Amino acid sequence: MRRDVRSIDPDALYSIAAAKRLLGIKQTTIYEYMKKSPPVLPYRRSENGWHRLILGSDIISLIENPRVKRGRRRKNR
């Protein structure tokens with residue numbers, strides 16, 4: 001399902017909660033995307049250093065060009 005990217009401002013900074021709603025993924029998945037090297041979803045820190053903020057253009061590029069496989073990884077048994 002394609003998300004409507006017209007509602008996303010490419011120059012705005014979005015919180016983790018807003019990004020998860022826009023991308024349609026869970027919060028833990030967003031953190032996994034941030035931890036990858038290089039990060040699938042780059043972020044910036046807020047001025048006080050407590051919050052991670054995601055640039056709207058990065059959200060748009062992830063919607064238009066998914067770079068990761070979706071779905072759960074299972075352990076080998």
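This is a predicted model: local features need pLDDT of at least 70, side-chain atom pairs count only at pLDDT 80 or more; totals for chains, interfaces and linings use all residues.
Helices (H or I, at least four residues) and strands (E, at least two) are DSSP runs numbered from the N terminus.

Residues are numbered from 1 along each chain as its sequence is written. Local features need pLDDT of at least 70, side-chain atom pairs count only at pLDDT 80 or more, totals for chains, interfaces and linings use all residues, and side-chain values use heavy atoms, with hydrogens and water left out.

Helix α1 buries Ile-16, Ala-18, Ala-19 and Leu-23. These residues lie on the same side of α1, because they cover an arc of only 160 degrees around the axis, the arc being that of the directions from the helix axis to the C-beta atoms. Their cover includes β1, α2, β3 and α3. Just after α1, Gly-24 has a positive phi of about 75 degrees.

In α3, the buried residues are Gly-56, Asp-58, Ile-59, Ile-60, Leu-62 and Ile-63, and they pack against β1, α1, α2 and β3. Ile-59 is in contact (heavy atoms within 4.5 Å) with Ile-8, Tyr-14, Ala-19, Leu-22, Leu-23 and Ile-54, leaving aside neighbours within four places in sequence.

The strands form an open sheet of 3 in the order β1-β3-β2, with antiparallel pairing; two strands pair if DSSP finds at least two bridges between them. At the edges are β1 (13-14) and β2 (44-45), each of which pairs on one side only. Strand β3 (residues 52-55) runs antiparallel to β2 and is joined to β2 by 2 bridges. Arg-44 has Leu-53 of β3 as its bridge partner.

The segment before β1 contains Pro-10, which is partly exposed, with a relative accessible area of 37%. Pro-10 and Gly-56 are 46 residues apart in sequence, and their C-alpha atoms are 4.1 Å apart in space. Not counting residues up to four places away in sequence, Pro-10 touches Leu-55, Gly-56, Ser-57 and Ile-60.

Conventions:
Buried means under 20% relative accessible area, exposed over 50%, partly exposed in between (1.4 Å probe, protein chains only).
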